[in-house]
Amino acid sequence: PSSSSDTLQMFNLSFKIFRFHLAGALFAASMAWLVLAPGLEFSLAASAILIATGAVAFALAFDPPPAAAPVTASVAIGPPVLGRESA
């Protein structure tokens, strides 16, 4: 029961992230279609770069921040120092 709800939450989060990537790619593709004239030699490469950049830009702007890692207690052990005896 709890694992299925965790799986569903992960699916919903990944689908949300995918939508942001897709929206960025679609926005950049429409901008490339408007800006680049058809028939240019470099238009395919330029549009591919614009689409990839748009997807990454939307991902960086709208993806949720990662969850904070839980704090665990640890024992501070320093590196051995030459000339000192350990207790």
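This is a predicted model: local features need pLDDT of at least 70, side-chain atom pairs count only at pLDDT 80 or more; totals for chains, interfaces and linings use all residues.
Next, display the aromatic rings. The count of aromatic pairs is three. Select Phe-20 and Phe-62: their ring centres are 5.5 Å apart and their planes meet at 15°, under the 30 degrees that counts as stacked, so this pair is stacked. Phe-20 belongs to helix H1 and Phe-62 to helix H2, and 42 residues separate them, so the pair links distant parts of the chain. Phe-20 is partly exposed at 23% relative accessibility, and Phe-62 is partly exposed at 44%.

Now select Phe-27 and Phe-58. This aromatic pair is tilted, with 6.0 Å from centre to centre and 35° between the planes. Because Phe-27 is in helix H1 and Phe-58 in helix H2, the pair ties together parts 31 residues apart in sequence. Phe-27 has a relative accessible area of 45% and is partly exposed; Phe-58, at 23%, is also partly exposed. Keep both pairs selected: Phe-20, Phe-27, Phe-58 and Phe-62 form one aromatic cluster.

Finally, go to Ser-47 in helix H2, residues 43–62. Ser-47 is buried because its relative accessibility, 19%, is under the 20% limit. Leaving aside residues up to four places away in sequence, Ser-47 touches Ala-32 and Leu-36. Ala-46, also in helix H2, is buried at 18% relative accessible area.

Key:
Residues are numbered from 1 along each chain as its sequence is written. Side-chain values use heavy atoms; hydrogens and water are left out. Helices (H or I, at least four residues) and strands (E, at least two) are DSSP runs, numbered from the N terminus. Buried means under 20% relative accessible area, exposed over 50%, partly exposed in between (1.4 Å probe, protein chains only). Contact means heavy atoms within 4.5 Å. Rings of Phe, Tyr and Trp (its six-membered ring) pair if their centres lie within 6.5 Å; planes under 30 degrees apart count as stacked, over 60 as edge-to-face and the rest as tilted.
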